[in-house]
Structure formats: structure tokens, C-alpha cells
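Dear colleague,

Please find below the structure for your review. A short account of the findings follows it.

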Amino acid sequence: MAFRLGDTAPDFTAETTEGTINFHEWLGDSWGVLFSHPKDFTPVCTTELGYIAKIKPEFDKRNAKVIGLSVDSVADHGKWAADIEETQGAAVNFPMIGDPDKKVADLYDMIHPNASDTVTVRTVFVIGPDKKVKLTITYPQSCGRNFDEILRVIDSLQLSSGYSVSTPVNWKDGEDVIIMPSVSDDDAKGKFPKGWKAIKPYLRLTPQPNK
């Protein structure tokens, strides 16, 4: 199933390491990060899951739930978790979906036949509380993901959802943001009392409004 940014994330029911979930119900009013990894007991995935476990409090601060998936069984996920804790120094503290029948992987188009017919690529979906897809990123199997970047994007998405702003290149939380061109100067006076710097009529920088 192909879907794009702004589409509703497909709902599903699945077995996880924390019991059976209905995805939309599990998300509730939270943001969600659904990510796939190619296979249990593999090196790159082991480092990724350990790192996510370490920074999970950062996702919690952003009201964002994380959930992983591979085409292995829940039982295998449980066995692998011991290796992750041993080698990475962090216990897996988020649910992992068991998807041996590839139901969810196919639903979210996580298997790319030109890469592999049997395993999922490193796909990341960020989903808003409205259950809409806000971000998709797909990495090859050989490349570990940058989950600090995922946190940065969530900061940007949450800021843009609450204010009429965009974030510039390499933006980080606390830095100046861009007033959207659709906001007139007159409207901006009310929305951005800290003022702004107009580099061009369409490029107006203002201090981050929620700081």
C-alpha cells in the first residue's frame, strides 16, 4: 500500500513484546514513531535499539511513543533483547511488533523487493496525534539511522503545528524560526510580539515563539 505525507497511517492489530495492540488506540493522543529493522540478532539493529532505549526519555518529553517492527516473532524479540542490554548497556523499554507473516510490513510498504524480498528496510514513520503521516525516511540495510535527527524533526513538526512557522536548514530547538509567507506583516505583529528580522519579504526570522 502506497501512501504519502498527510495520509492517515493505516491501523492494524498486532502482537508485540508488550502484548496485543491496536495501533491507533495505542497511539491515543500521542505522536508516534514506527520504525522497522531488517532482522533480529543483526549488528546494526542491535546498536539502534540500544540507542533508542537510552534516549527514550527524550521521546517521552515530546509526548511521542516509539514502536519497532521486524518480520521476526515476538519470542525472538524477547531473546534478542538480552543481547541488546548486554552489548549496548540499555534494556529495550518500548514495544516491538512481531510480524512473521509480514502483514504490517506489507501494509506500510516496508519490504523493497529490489533490496530484499524477505526483510524490511530501515523505514521510519512519524505519525501525529491526528493519525496522519508527518514524516517518512527510508535507509538501506547497511546504514544505521540517526535518531537524534528524528527527535529534531519531531521538535520542528510540533512547533509548526502550534505556530505559523517553519524551521530553517539545520535548525535546532531554541534557534530562530521562519515566519510562514502566508502570514502578513500585520498578522505577524500579533502572532510574534518579539518581532522579526526581514532578510527578504519572504524570509522573516523570529525567535522561537514557545521559548
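Helices, as named here, are DSSP runs (H or I) of at least four residues, numbered from the N terminus. Lysine 61 and glutamate 58 both belong to helix 2, where 3 residues, about one turn of the helix, separate them. Please note that the model is predicted.

These two residues form a salt bridge, with the closest N and O atoms 3.0 Å apart. Lysine 61 is exposed, at a relative accessible area of 63%, whereas glutamate 58 is partly exposed at 27%. Both take part in a network of salt bridges that also links Arg62 and Asp155. Helix 2 holds a further pair, aspartate 60 and lysine 56, which lie 4 residues apart and meet at 3.1 Å, N to O.

The count of salt bridges comes to 12. One of them joins aspartate 72 and lysine 39 at 3.0 Å, N to O. Aspartate 72 lies in the loop between strand 4 and helix 3, and lysine 39 in the loop between strand 3 and helix 2, so the bridge ties together parts that are 33 residues apart in sequence. Aspartate 72 counts as buried, with 7% relative accessibility, while lysine 39 is partly exposed at 37%.

As to helix packing, the axes of helix 2 (residues 43-61) and helix 3 (residues 74-88) come within 9 Å and cross at roughly 75 degrees, which makes the two helices roughly perpendicular. The contact includes Leu49 and Lys54 from helix 2, and Trp80 and Ile84 from helix 3. Its residues divide into 4 nonpolar, 5 polar and 1 charged.

Yours sincerely

Conventions. Residues are numbered from 1 along each chain as its sequence is written. This is a predicted model: local features need pLDDT of at least 70, side-chain atom pairs count only at pLDDT 80 or more; totals for chains, interfaces and linings use all residues. Side-chain values use heavy atoms; hydrogens and water are left out. Axes are lines fitted to C-alpha atoms, for helices over the stretch in contact, and angles run from 0 to 180 degrees between N-to-C directions. Angles under 35 degrees count as roughly parallel, over 145 as roughly antiparallel, 65 to 115 as roughly perpendicular and the rest as oblique. Contact means heavy atoms within 4.5 Å. Ala, Val, Leu, Ile, Met, Phe, Trp, Tyr, Cys and Pro count as nonpolar, Asp, Glu, Lys and Arg as charged, and the others, Gly among them, as polar. A salt bridge is a side-chain nitrogen of Lys or Arg within 4 Å of a carboxyl oxygen of Asp or Glu. Buried means under 20% relative accessible area, exposed over 50%, partly exposed in between (1.4 Å probe, protein chains only).
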